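Please look over the sequence and the model shown here. The paragraphs after it go through one chain, then its contact with another.

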Amino acid sequence: MTALIEIAAPAAGRRPKDTGDRWGWLLLPALLLLAVLFLVPLGLMAWRSVTDPAPGAGNYSWFFTSDVALATLVRTLAVGAVVTLVTLVLSYPYAYLMTVVGARARVWLTLLVLLPFWTSLMVRTFAWVVLLQDSGVVNQLLGTVGMGPLQLIRTPTGVVIGMTQVLMPFMVLPLYAVMSGIDRRLLDAAQGMGARPATAFLRVFVPLSLPGVGAGALTVFITSLGFYVTPALLGSPDQALISQQIFTQVNGLLAWGRGGAMGVVLLAVTLVLLGLVGVVLRLTRTRGGVR
Amino acid sequence: MRTGPARIALWAFSVLVGFWLIAPTLVVIPLSFTDKASLVFPPTGWSGRWYTNFFTDPRWTEALLSSLQVGVLVAVVATVLGTAAAIALTRSGSRWAKSSYGLLLAPMIVPTVVVAIGVYALFLQYGLLGTLFGFVTAHTVLALPFVIIPVTASLRGFDRRLEDAALICGASRWGAIRQVTLPQIAPGVVSGALFAFVTSFDEVVVSLFIQSPYLQTLPVMMFASVTRDTDPTIAAAATLIIAFTTVLVLAATFATSRRNRVR
């Protein structure tokens, strides 16, 4: 290999021109692995969705006529929407605080947000199982303030609580990035013109922060659609999300075609939303309002 | 706004959110030291018996060893393939090299359960379920983006005239890369390797599909344990994972921040 590269090297003193594929072959091992263990599996899943158990679109017509399958898709989208909304409500003030405090407080606030990033998903979900169980801490606290024990685990509420905590960083970080780029003198200007502080905030700051809201919300929403571990352990089997349904179809019922069709639908929804992210990013960049 | 009630409310709200963010960690660690055989929090008495349990139960130790073995191999394979790919991505002028960047990062975006059933189908067909080879290759695909992103960033910050200088001084192309480029981008490569390890060490969904009774990883054992019983050994396992991944991520962050200071 060394000899080959030496022959390919240009005469000493001339800057190699990076046209052609002098370096391209270095991509091959990674692309090969990706083809065999990513593209082939996705293709296999799509293939089975139209061939198993019989050729045709049977699995898709099952999906779009089955009340259970459609309810699962709708529930997944609804849980994703609620998670996105709750994450936004919790993250917006938090990210805003990060932009107005001193450097040291900001480091701590950032650390708190990043902590979930490096705590294993399995560990966090287990912790929520402990916290939310019927005799858990949350219910004990609710008991002391006189609110009866609530059924939290094995409900969509439990799933939303667990998923929100896991997805917070994906909302806070883009919000912070956009908010810290907003020129605060615009708020002073608005107040100088006679706006009350709250009005200035709502009519100047909030609109300027919308690109961050859009980026964060879409990221959280898209990521939430693919969650398996959290809904499987915190949710109830009869309120399953689409990932759980796919798992059950393939692993439990060996219904490869149906599981594959659900997988293709999930993938399609994800890709459409990703396309939307691209559009949002391009819009904000051409408007150039933020930075 | 400096000390007004709005600001106090903002702080109070954010402190609550921050507390809620670390709540899982605050629960798991004390729980692993409970003396009761149940997952009741807060614990009433303390003991280290669940750690003893973890390290003497062959099911847990084998899962830990499998996870470590898979993780180390994934880190090695993903770092080698990812670094090679990152070099190509930052240098090749061809269009297909540019467009493969998105493809290489795709495993990060596509829902894991979708990848998992495809890999499951493939492995079922070729008898790769529950094999070390299967775990390492499947996890490597998921870990590649986490190597490619930091290494590509390091390479973008690297002044290629240093490599040209080495070539002028008579170094071979490979020699220049090995002796000049790689040491310069080492922080990015190290952080990529650590993130690849953590990705594999934490992965649950694909592992659930491709496991067998002979090869299970620690997260798979934990998943099974949560659904099955209330044995606090799982809290000990979780605490060990927290401690381990925190050290690794801090190391990776340190490696990256050192690179930024050098530049």
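What percentage of the 263 residues in chain B is buried? Buried residues make up 56% of them, where buried means under 20% relative accessible area, exposed over 50%, and partly exposed in between, with a 1.4 Å probe and protein chains only. This is a predicted model, in which local features need pLDDT of at least 70 and side-chain atom pairs count only at pLDDT 80 or more, while totals for chains, interfaces and linings use all residues. Residues are numbered from 1 along each chain as its sequence is written, chains are lettered from A and ligands numbered from 1 in the order in which they are written, and side-chain values use heavy atoms, leaving out hydrogens and water.

Chain B has eleven helices and zero strands; helices (H or I, at least four residues) and strands (E, at least two) are DSSP runs, numbered from the N terminus. The C-alpha trace of chain B spans about 70 × 65 × 30 Å along its principal axes. Of the contacts (heavy atoms within 4.5 Å) in chain B between residues at least 6 apart in sequence, 71% join residues at least 24 apart.

One loop of chain B, between α9 (205-210) and α10 (218-228), holds Ser212(B). Ser212(B) counts as buried because its relative accessibility is 13%. Beyond its neighbours within four places in sequence, Ser212(B) is in contact with Leu129(B) and Gly130(B).

Next comes the interface. The size of an interface is often given as the accessible area lost when the parts come together. Between chain B and chain A the buried area (accessible area lost, 1.4 Å probe, summed over both parts) is about 7500 Å², and carbon and sulfur atoms give 81% of that area. Trp20(B), Leu21(B) and Arg173(B) supply 10% of the area that chain B buries against chain A, more than any other three residues. Helix α1 (residues 5-31) of chain B gives the most to the side that touches chain A, with 16 residues. The residues on that side of chain B divide into 62 nonpolar, 15 polar and eight charged. Here Ala, Val, Leu, Ile, Met, Phe, Trp, Tyr, Cys and Pro count as nonpolar, Asp, Glu, Lys and Arg as charged, and the others, Gly among them, as polar. In total, the contact takes 85 residues from chain B and 80 residues from chain A.

Chain A has a mean pLDDT (the predictor's confidence in each residue, from 0 to 100) of 86, and 90% of its residues reach 70 or more. Over residues 1-15 of chain A, pLDDT stays under 50.

Definitions and conventions: Buried area is the accessible area (1.4 Å probe) that two parts lose on being put together, summed over both.
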